[in-house]
Amino acid sequence: MPLWTLHGTGRLAGADDVVRPEERLSWPLTTGIGLQHVLAMFGATFLVPRITHFPPATTILFSGIGTLLFLLLTRNRLPSYLGSSFAFISPVLAAEAHGGIPVALGGIVAAGVLLAGVGLLVQSLGTAFIDWLLPPVVTGAIVALIGLNLAPVAFSSFKADPLVAVVTLLVVLVVTVASRGILGRLSIVLAVVVGYALTAVRGDVDWTLVHKASWLGLPDFTAPRFTLHAVLLMLPVVLVLIAENTGHVKAVAAMTDRSLDDSLGRAYLGDGLATVVAGLGGGSGTTTYAENIGVMAATRVYSTAPYYVASVFAVLLGLCPKFGEAVAAIPAGVLGGVTTVLYGLIAVLGGRIWVEARVDFRDPVNLMTAAVALIIGAGNYQFSHGDFTFGGIAIGSVVCVVTYRVLRLLQRRGIGDPPERSPSDVPTAA
């Protein structure tokens with residue numbers, strides 16, 4: 001098994017070793033993995049502004065800036081990419097109907113300020129309340145339902161070109177499992193290159209926008225305008241962002257076998273400030289990206305260095321329209337093959353949180369909480385009332401939190417016979 005020295009540690013690492021957040025690989029390998037993170041986040045980050053009528057290049061630019069801010073605020077302890085949050089789509093569309101993009105941006109800024117405020121409180125007072133609100137059974141369910149909720153997105157891309165999707169998927173699987181060297185850590189990039197090349201050879205890649213785009217240019221910037229209606233529309237999104245950030249931190253902690261609870265406040269603060277910065281300039285609200293958890297699970301590299309590379313690539317994408325269009329031209333079939341793996345890994349990581357925390361599913365409260373949340377997420381349940389529309393991730397997250405607390409309260413008041421107290425019910429010390 002090939003060995004190399006992790007920069008700054010003196011430790012020798014093999015192809016199968018876990019690379020910790022504070023450790024560093026060689027720059028060529030770091031750059032390759034950073035590119036994988038760009039490819040993983042790009043589709044969803046680019047899709048949200050397309051849906052909400054925001055300038056895509058602006059959103060990509062601020063996702064890179066926001067990621068840099070997040071890494072600095074979390075002191076390089078939390079490997080994460082901040083991309084466009086799907087939780088903002090419905091309230092943004094509703095806000096736009098009452099005042100256009102500036103009004104929607106005002107709501108995004110308000111949501112970011114509130115999330116940053118929660119981060120400061122958690123950092124000052126500890127995580128006891130978050131532990132109470134989001135025990136392992138809840139965080140695991142939220143992580144899992146996010147992966148399941150994304151499954152239709154993967155299938156939609158997959159069925160656009162099944163042959164290319166299957167080839168791409170097979171490359172990811174075979175290279176990840178069979179390769180013992182650097183190739184194993186770059187399986188996603190290699191799969192995208194193979195799928196992209198196959199589609200190009202068949203003449204099915206549309207290069208029109210690539211040819212028309214310029215090499216260098218600033219994106220469109222828009223200032224926010226604040227209204228009470230838009231602010232109220234966005235505030236419920238904060239609960240989803242808290243759940244997503246908590247799930248991300250718990251997932252990284254499970255994969256790196258360390259506690260990161262003391263970084264929760266900084267994670268909320270980093271995401272909140274990144275959302276504020278994006279909203280002030282015309283970008284979409286951000287969140288820690290589940291897609292990039294899949295890349296880390298596949299590569300076993302949790303170093304924060306590739307995320308710095310990814311954020312710089314994102315900034316370049318925002319400033320280089322031609323490069324951005326080239327990445328945007330990645331065929332749907334290729335994305336379908338890659339996301340089938342990545343989204344599946346997200347769902348499985350939710351289960352890993354349960355296993356690591358020894359969640360007791362003999363307890364009907366744990367069982368029912370997870371069961372309801374997973375189906376809501378997988379089925380993408382939707383609720384609409386007037387201008388308010390919430391999808392499966394938002395509804396599933398809220399239902400998961402509320403169901404657990406209500407059922408646990410009923411159980412403790414003597415309605416039903418609770419089983420032995422499980423580790424998932426024991427509060428973690430702040």
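**Helices, cores and salt bridges**

Analyst: A94 is found in helix α3 (residues 89–96), where helices (H or I, at least four residues) and strands (E, at least two) are DSSP runs numbered from the N terminus. This is a predicted model, in which local features need pLDDT of at least 70 and side-chain atom pairs count only at pLDDT 80 or more, while totals for chains, interfaces and linings use all residues. Residues are numbered from 1 along each chain as its sequence is written, and side-chain values use heavy atoms, with hydrogens and water left out.

User: Is A94 buried or exposed?

Analyst: Buried means under 20% relative accessible area, exposed over 50%, and partly exposed in between, with a 1.4 Å probe and protein chains only. The relative accessible area of A94 is 8%, so A94 is buried.

User: How are the axes of α13 and α20 oriented to each other?

Analyst: The axes are lines fitted to C-alpha atoms, for helices over the stretch in contact, and angles run from 0 to 180 degrees between N-to-C directions. Those of helix α13 (residues 237–256) and helix α20 (residues 392–412) come within 9 Å and cross at roughly 80°. Angles under 35 degrees count as roughly parallel, over 145 as roughly antiparallel, 65 to 115 as roughly perpendicular and the rest as oblique. The two helices, α13 and α20, are therefore roughly perpendicular.

User: Where do K250 and D261, which form a salt bridge, lie?

Analyst: The closest N and O atoms of K250 and D261 are 3.0 Å apart. K250 counts as buried at 18% relative accessibility, and D261 is buried at 13%. The pair ties together parts that are eleven residues apart in sequence, as K250 lies in helix α13 and D261 in the loop between α13 and α14 (264–281).

User: How many residues does the largest nonpolar core have?

Analyst: A nonpolar core is a set of buried Ala, Val, Leu, Ile, Met, Phe, Trp, Tyr and Cys residues joined through side-chain atoms within 4.5 Å. Among the residues with the most contacts inside the largest one are F88, M234 and I142, and I142 touches L134, A243, S397 and C400, not counting residues up to four places away in sequence. The size of this largest core is 96 residues.

Definitions and conventions:
A salt bridge is a side-chain nitrogen of Lys or Arg within 4 Å of a carboxyl oxygen of Asp or Glu. Contact means heavy atoms within 4.5 Å.
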